[in-house]
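Subject: Structure for your review

Dear colleague,

Please find below the structure I am handing over to you.

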Amino acid sequence: MSSEKNSIGCATHRIFRSAILLAFSAACCIGLPVSSGSPIATLALTKLPVSGQLEVKWASVTFASENMVAAALCYNGHAGPRCSLSLVRWEQGNLIRVAKTRDFASGFSLHPAIGGRILAIEGLSPVSLYSADLSVRRRLPRGLSRFVSPSGDIVSQWAPGSWKLYRLTDTTEPLLAGSGDLLGVSDEFALIEDGKIIRVEDFNGRQVGSFEAPPRPGRSYVSVGALGTSSIYLDNCRDVQILNLDGYPLRELQPHKGCSDGDTGSSVDGSHMLFDFTDRQVSGPGRVIEGLRSAMTFGMAGSESVNHETVEVLDTLTGEVCFAWHRRFPETYYRVRSAAISPSGKFVAIMEANTLSIYRVPDACGAPTGVSYK
């Protein structure tokens with residue numbers, strides 16, 4: 001009887017979620033962003049042209065703190081491409097720009113750094129550091145890897161079979177080095193894969209956990225990181241596995257996303273995860289044409305452009321969707337990232353066209369998304 005109830009419950013959840021996604025998709029097809037709530041604060045970072053349409057080339061956003069947001073915007077102006085990076089304070093329900101610099105370029109993503117500073121990341125590697133008031137931009141040493149701690153305090157260098165960690169102050173201070181393949185860095189420990197074993201080491205070089213790597217569909221994980229101080233997640237593109245530091249499986253999440261680097265974030269305590277995924281959506285006839293083209297060219301003519309973005313926030317304990325936002329945009333080859341989650345997990349910042357918006361993540365979340373308990 002209990003299995004029948006569980007089956008009925010799961011079917012009901014799938015139907016409920018499918019209805020939500022169908023409604024989102026219908027709106028997205030006509031180019032409207034759709035969310036599970038209205039923004040509680042907005043700020044236009046630049047004026048719209050007379051036509052009312054701004055050709056945005058790039059945007060990025062991150063929380064420097066719970067009430068401070070860094071937002072970057074690049075667009076085509078009358079005199080050519082224009083870019084800016086703004087620091088926006090959120091107080092009493094209003095967004096107020098407190099600093100701005102034009103020393104920014106398209107293709108750079110933002111990441112918080114210790115002391116209210118901002119890291120600029122090109123591709124997946126940090127390349128420069130802005131001061132807390134954006135008045136100074138300092139170039140970082142070449143060769144830093146994509147593994148950066150959530151606070152931006154720890155950066156790394158990676159090579160096959162070896163790695164180095166640095167504490168980011170006014171310089172990069174050597175912190176720890178070792179063997180194996182670096183998988184991720186938190187603010188308390190590093191995750192290293194050595195053969196079939198994943199080790200968890202603190203910054204004194206002490207092993208605080210280890211386990212055999214779970215089976216995965218590909219050769220490596222697209223994303224690995226800490227959830228709070230006592231658990232980690234392994235994202236293998238198909239699902240997100242949550243484990244304790246000794247590899248004991250706690251939960252398995254199945255967010256509606258595909259496989260791309262840098263599409264995952266979390267609150268400081270690990271209670272909420274944000275997934276920001278871009279893909280390409282085409283109509284029925286378009287899918288047929290692309291399928292035929294791909295078959296005739298043995299898969300060499302498939303499009304890698306994207307025109308659709310999905311942002312979801314999941315409760316990591318229940319697997320329920322707390323927040324969902326979808327939009328459609330002109331095709332681009334950039335992997336657009338428009339959203340960030342606050343340190344508390346209670347708010348989401350989203351860049352849409354010229355506008356920065358803040359959304360509140362509801363305390364009560366909605367339909368589960370395929371969570372399983374171990």
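Predicted model: local features only at pLDDT ≥ 70, side-chain atom pairs only at ≥ 80, totals over all residues.

Disulfides

The count of disulfides comes to two. One of them is formed by Cys74 and Cys83, whose sulfur atoms are 2.1 Å apart. The link of Cys74 and Cys83 is right-handed, with 120° about the S-S bond. Cys74 is buried at 1% relative accessibility, and Cys83 is buried as well, with a relative accessible area of 13%.

The other joins Cys322 to Cys365, with an S to S distance of 2.0 Å. Its torsion about the S-S bond is about 85°, so the disulfide of Cys322 and Cys365 is right-handed. This pair links distant parts of the chain: Cys322 belongs to strand β25 (residues 321-332), whereas Cys365 lies in the loop between β28 (355-360) and β29 (372-373), and the two cysteines are 43 residues apart. Cys322 counts as buried at 4% relative accessibility; Cys365, with a relative accessible area of 17%, is buried too.

Aromatic contacts

A search of the whole structure finds three aromatic pairs. One of these brings together Trp90 and Phe347, with ring centres 4.5 Å apart. Their planes stand at 85°, and angles over 60 degrees count as edge-to-face, so the pair is edge-to-face. Trp90 lies in strand β5 (residues 80-91) and Phe347 in strand β27 (residues 347-352), so the contact ties together parts that are 257 residues apart in sequence. Trp90 is buried, its relative accessible area being 14%, and Phe347 counts as buried at 10% relative accessibility.

The four-stranded sheet

Four strands form an open sheet in the order β7-β8-β9-β10, with antiparallel pairing. At its edges are β7 (108-112) and β10 (137-139), each of which pairs on one side only. From one strand to the next, the twist averages 35°.

Within this sheet, strand β8 (residues 118-122) and strand β9 (residues 125-130) run antiparallel and are joined by five bridges. Ile121 stands opposite Pro126 in β9.

A further contact involves Phe108 and Arg137: the charged end of Arg137 sits over the ring of Phe108, 5.6 Å from the ring centre. Phe108 falls within the residue range of edge strand β7 (108-112), and Arg137 within that of edge strand β10 (137-139).

Yours sincerely

Terms used:
Residues numbered from 1 in each chain as written. Heavy atoms only, no water. Phe/Tyr/Trp six-rings, centres within 6.5 Å; stacked < 30°, edge-to-face > 60°. Buried < 20%, exposed > 50% of the residue type's maximum accessible area, 1.4 Å probe, protein only. Lys NZ or Arg CZ within 6 Å of the ring centre and 35° of its normal. Pairing = 2+ DSSP bridges. Axes fitted to C-alpha atoms, helices over the stretch in contact; angles between N-to-C directions. Disulfide = S-S within 2.5 Å.
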